[in-house]
Amino acid sequence: MQLGQMCAAGVGGAAATAVDVGTLVLLVEHGTPIPLAAFCAAAAGAVVCFTLNKYIAFRDSTPVTALQLGRFGIVAVATALLMALAMELFAVKLRVPYLVAKVICSAVVFVAWTYPAQRRLVFSARSSSCPN
């Protein structure tokens with residue numbers, strides 16, 4: 001694991017999380033169920049995450065391909081589903097305040113799934129140089 005790259009991805013993730021949390025708060029405060037709001041918020045943050053991670057954290061200057069977007073989409077949907085499940089557990093079942101739960105769940109999902117999946121599947125030299 002490359003620590004500098006992971007830190008840069010973490011910073012990109014923090015920016016994406018700001019979008020994510022803003023969306024989460026907006027949706028929850030307007031009556032959207034927390035798991036659905038968490039899924040939608042994670043999807044919104046994914047757009048920011050892709051852009052910052054591609055060009056900054058992973059320094060991937062290759063053209064964006066359909067294959068890369070597809071792989072990112074799979075990782076992002078899996079991340080959103082993991083976040084929805086984790087938020088269901090922490091915020092709904094354990095009654096942790098949803099913003100505190102968001103921080104906890106985001107950190108765990110990032111370290112356990114998102115960063116490794118992006119590094120191996122989306123932004124590796126092998127995966128980003130494939131033709132569409």
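Reply: Start with Cys-7. Its sulfur lies 15 Å from the closest cysteine sulfur, in Cys-49, so the two are too far apart for a bond. A disulfide here is a pair of cysteine sulfur atoms within 2.5 Å. By this rule there are zero disulfides. Cys-40 is in no disulfide either; the nearest cysteine sulfur, in Cys-105, is 16 Å away.

The model is predicted: local features need pLDDT of at least 70, side-chain atom pairs count only at pLDDT 80 or more, and totals for chains, interfaces and linings use all residues. Residues are numbered from 1 along each chain as its sequence is written, and side-chain values use heavy atoms, with hydrogens and water left out.

Cys-7 has 46% relative accessibility, so it counts as partly exposed. Buried means under 20% relative accessible area, exposed over 50%, and partly exposed in between (1.4 Å probe, protein chains only). Cys-40, at 33%, is also partly exposed.

Now the charged pairs. The whole structure holds three salt bridges. Each is a side-chain nitrogen of Lys or Arg within 4 Å of a carboxyl oxygen of Asp or Glu.

Asp-20 pairs with Lys-102, with their closest N and O atoms 2.8 Å apart. This pair links distant parts of the chain, 82 residues apart: Asp-20 sits in helix α1 (residues 3–29) and Lys-102 in helix α4 (residues 98–122). Helices are DSSP runs (H or I, at least four residues), numbered from the N terminus. Both Asp-20 and Lys-102 are buried.

Asp-60 bridges to Lys-54 at 3.1 Å between the closest N and O atoms. Asp-60 is buried at 5% relative accessibility. Lys-54 is buried at 0%.

Glu-88 meets Lys-93 at 3.5 Å, N to O. Glu-88 is partly exposed at 25%, while Lys-93 is exposed at 58%.

Key: Helices (H or I, at least four residues) and strands (E, at least two) are DSSP runs, numbered from the N terminus.
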